[in-house]
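We will go from stop to stop, selecting as we go.

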Amino acid sequence: MIGGRPVVVKQLPRRLSVEEGHEFLIDVEPYLKAERPRVVLDCSEVRQLDSAGIQLLLRCLEEAMKRNGDVKLAGVGPAAAAILQLTNVDSLFESFDTCAEASESFYQFPAHLYEPALQPGYPASASESAA
């Protein structure tokens, strides 16, 4: 932990089906119910992802967002990434190559939110826009 609230990293099971997903949710739920949870889901071992697995990921994100937190994915393999992309669920999560990168991202300024302000022709300051 660099500073502030801790980041919790949880390893997802190899199969994200109904039974495994239910067991995982029981394990991760206390972390998701914390104040402003910061959770990284390590997807590096996931080999099977079905609709129950997608529902699990969405449930984790929903629970974290209810408390002004976030869930990020790390180590998503090609097969799981393809399913996430096909279902458009990939657009809901920030995804990183490693758990360390995902964890560190909780402590970095989200510059991508301000990229339009950095484009040429955009006023650099309020005084320029008034001129």
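**Stop 1: two paired strands.** Select β1 (residues 8–11) and β3 (residues 38–42). These two strands pair in the parallel sense, over four bridges. Strands here are DSSP runs of E with at least two residues, helices are runs of H or I with at least four, and both are numbered from the N terminus. Two strands count as paired if DSSP finds at least two bridges between them. Now pick V9: its bridge partner in β3 is V40.

A word on the model before you go on: it is predicted, so local features need pLDDT of at least 70 and side-chain atom pairs count only at pLDDT 80 or more, while totals for chains, interfaces and linings use all residues. Residues are numbered from 1 along each chain as its sequence is written, and side-chain values use heavy atoms, with hydrogens and water left out.

Stay on β1 and show its side chains. Which residues are on the covered face, and which on the uncovered one? V8 and K10 are on the covered face. V9 and Q11 are on the uncovered face. In a regular strand, side chains alternate between the two faces of the sheet.

**Stop 2: the cores.** Select L12, L41, C60 and V71. They have the most contacts inside the largest nonpolar core, which has 23 residues. Five elements each supply at least two residues of this core: α1 (18–32), β3, α2 (51–66), β5 (70–74) and α3 (78–86). The largest share, six residues, comes from α2. A nonpolar core is a set of buried Ala, Val, Leu, Ile, Met, Phe, Trp, Tyr and Cys residues joined through side-chain atoms within 4.5 Å. Buried means under 20% relative accessible area, exposed means over 50%, and partly exposed is in between (1.4 Å probe, protein chains only). In soluble globular proteins, nonpolar side chains tend to be buried together.

Zoom in on C60. Leaving out residues up to four places away in sequence, C60 touches F24, L25, V28, L32, L41 and V71. Contact means heavy atoms within 4.5 Å. Next, select V7, V40, A74 and F106. They are among the residues of a second, separate core of six.

**Stop 3: helix α1.** Colour G21, F24, L25, V28 and L32. These residues of α1 are buried. What covers them? The cover includes β1, β3, α2 and β5. Now look along the helix to I26. A kink of about 35° lies there, shortly before the proline P30. The bend at a residue is the angle between axes fitted to the seven residues ending there and the seven starting there.

**Stop 4: salt bridges.** How many salt bridges does a search of the whole structure find? It finds eight. A salt bridge is a side-chain nitrogen of Lys or Arg within 4 Å of a carboxyl oxygen of Asp or Glu.

Begin with R14 and E45, whose side chains meet at 3.8 Å, N to O. R14 lies in the loop between β1 and β2 (15–16) and E45 in the loop between β3 and β4 (48–49), so the pair ties together parts 31 residues apart in sequence. R14 is partly exposed at 48% relative accessible area. E45 is partly exposed too, at 34%.

Move to E63 and K66, a salt bridge of 3.1 Å, N to O. The two are three residues apart in helix α2, about one helical turn. E63 is buried at 6%, whereas K66 is exposed at 53%.

Then select E94 and K72, which also meet in a salt bridge (3.1 Å, N to O). E94 is in the loop between α3 and β6 (95–96) and K72 is in strand β5, so this pair ties together parts 22 residues apart in sequence. E94 is partly exposed at 34%, but K72 is buried at 4%. To finish this stop, select E29, R59, E63, K66 and R67: salt bridges that share partners join them into one network.

**Stop 5: two loop residues.** Go to C43, in the loop between β3 and β4. Is C43 buried or exposed? C43 is buried, at 5% relative accessible area. Last, select Y107, in the loop between α4 (99–105) and α5 (126–130). Y107 is partly exposed at 26%. Y107 and V7 are 100 residues apart in sequence and 9.7 Å apart in space, C-alpha to C-alpha.
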